[in-house]
Amino acid sequence: MRVFRVILFVAFLSPISVVGQSTDAGKSIPTLTNLGADNLYVVGKLWGYIKYHHPAVTNGCLDWDQELLDRLQMLRDQGSRDDLINEIDAWVEMLDSIEINTECRKSAAEVAESRSSAWIADTDFVGRRLSRRLQDIDSVQSKGVGQHYVSLRPGVGNPVFQNEPDYSTVENLDWRYRVLAVYRFWNIVEYWSPYRSLIDSDFDEVLRYHIAALYSAEDPDDYVLALMMLTAAAEDAHTNLWSSIKERPPNGIAIAPFAIRFVEGKPIVWKELDVDPVFASDETSKPDGLKVGDVIFSIDGKSINQLIETWEPYYGVSNESSLLREIGRNLLRGDEGRVDLEVDRNGVRLSVSAYRIDAANVDRSTSYSNDLVGGSLQKIENDISYVKLSTISEADVAQFNEHVQGSDALIIDIRGYPKTFVVFSIGQHLFGENTHFARFTSADLSRPGTFKWGEPIAIPPKEPFFDGHVVLLVDETTQSQAEYTTMAFRANSKSVVIGSQTAGADGNVSHILLPGGHQTMISGIGVFYPDKSPTQKVGIVPDLEVRPTIKGIRAGRDEVLEAAIEYIQSRSD
């Protein structure tokens, strides 16, 4: 359902369809009738609404999954919308008769966003009698009740999705469990994702599409791929099928030992990765093989555009930058052995080969960040201190003040995920007064789909203070905690952000279990600047945009770092 309009050379990318077709082996994939699909769509919306609103369910008095599993086939097979609504109405009437026992339960702020539930008043959709029941439930819910399936993590506020069985011991999950997976994930995003309103696709159509896709996914491998597409529909780089991430296309346990990065919209080899010498062969580094600076046009006869068009629907990403980052990291994955490539090498089109070896024997750590080689604390010339967060340790943090003493400027490289949380331990030395840098939204348990503004988050000052220029370096590897750190340090009046669009995925994560023992997660709290401007999907917008170039990569230059040094020197003149 999601479409990223990513232009790579000339390609327009769109997801592939998996519904109502045949498998490669030629066996028929079961498909739903139009009426059956429509019935399951209506059930999915109503089941999710009741799950988070009706006291008999929110208090934990019923196993709501089992209630669904017991009725789903009957509801699917209703002969008309009226028949379906009558059955659901009788179901809700039964719930209304349950005496609410508070022992069943297992566990005035400004509103930032409130999801509309106006559809429950649509009598064409749910009928008059059921509509009245749902509105009565909504009225009770607004008074505040417990949530059996959701709580908020103390001190943070992101949702915890508890009491959700993963059905990992159920053999051969039938279509009911697969449809349950769609219902569970879709309704969690619908009611508990702080970024639900940022999804570009029509989210109701996402529900319709994936009901059919998961219903048809009888083979376990097809089920995993269908779940990947479902989770990717959340358009959040935190949201992938993490329990099966190695099966995300291109699958395979081997990789050619090179780091690939998209530069100027093209995949370029920008560094060679270290290989365990015990497992390296003469073939992995052939003189006529792949080299740093090569721009890849095809792999085993398939163009990069074709490959991305096939893989993109399975990648949970927030924006184009994070999509190309993830595709680049996986571009050379596959089966062990030789892989043939067509590349551009300094303007000459060549056919070369590389060799994939077991990824366990390749050190990929340096491919997850684009920062400066060397230690976490370095000096660039005599008056510029450099701090790299991807490798920073508590011991490095303890040496921070000594490291920057006497420097006129500080470069903090956040082109990678911080090894240590330093927002306050380093940040407190960058501000002479209490300074606000972020604001959160969190879910309201008594009003599912509503998110409240929290108070602004501030960094308290602590001597000694660094009073020079601060340059923050960011790019597509800057995600989540790295983005939050950038927001904090950016609040310094002498700071500037240099680089390119970040991954656009921020907020403490909340884990979700899915049938079959699978796991995903969502960004659980909304992260905004103090003025309530967003960071999700847009990422951290740099003050000075600087991107690497193919020419620069081939020359071994770090053009983003060079721009930072040039900026500092221009302020010193």
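Me: What should I know before reading the values?

Reply: In this predicted model, local features need pLDDT of at least 70 and side-chain atom pairs count only at pLDDT 80 or more, while totals for chains, interfaces and linings use all residues. Residues are numbered from 1 along each chain as its sequence is written, and side-chain values use heavy atoms, with hydrogens and water left out.

Me: How many residues does helix H8 have, and what span is expected for it?

Reply: Helices (H or I, at least four residues) and strands (E, at least two) are DSSP runs, numbered from the N terminus. The expected span of a helix is 1.5 Å times one less than its number of residues. H8 covers residues 203-216, 14 residues, and its first and last C-alpha lie 20 Å apart, close to the 20 Å expected.

Me: Why is H8 described as largely enclosed?

Reply: Buried means under 20% relative accessible area, exposed over 50%, partly exposed in between (1.4 Å probe, protein chains only). Eleven of the 14 residues of H8 are buried, so the rest of the structure largely encloses H8. Among them are Phe 203, Leu 207, His 210 and Ile 211. Contact means heavy atoms within 4.5 Å. The cover over the buried residues of H8 includes helices H1 (34-53), H3 (64-76), H7 (175-192) and H9 (220-232).

Me: Which residues touch the most other members of the largest nonpolar core?

Reply: In soluble globular proteins, nonpolar side chains tend to be buried together. A nonpolar core is a set of buried Ala, Val, Leu, Ile, Met, Phe, Trp, Tyr and Cys residues joined through side-chain atoms within 4.5 Å. Here the largest has 109 residues, and Tyr 183, Ile 296 and Leu 332 touch the most other members. H7 supplies its largest share, 13 residues. The contacts of Tyr 183 include Trp 47, Leu 72, Leu 207 and Ile 211.

Me: What is the nearest side chain of opposite charge to Lys 388?

Reply: Lys and Arg count as positive and Asp and Glu as negative; His and the chain ends are not counted. A salt bridge is a side-chain nitrogen of Lys or Arg within 4 Å of a carboxyl oxygen of Asp or Glu. Lys 388 is buried without a salt bridge, and the nearest opposite charge, Asp 371, is 4.4 Å away. The residue sits in strand E15 (residues 384-388). A polar atom of the Lys 388 side chain lies 2.7 Å from the backbone oxygen of Gly 374.

Me: Is Asn 361 buried or exposed?

Reply: Asn 361 is buried, at a relative accessible area of 15%.

How values were computed
A polar contact is a pair of N or O atoms within 3.5 Å; within protein, one must be able to donate a hydrogen and the other to accept it, and residues adjacent in sequence count only if both atoms are side-chain atoms. Lists of a residue's contacts leave out its neighbours within four places in sequence.
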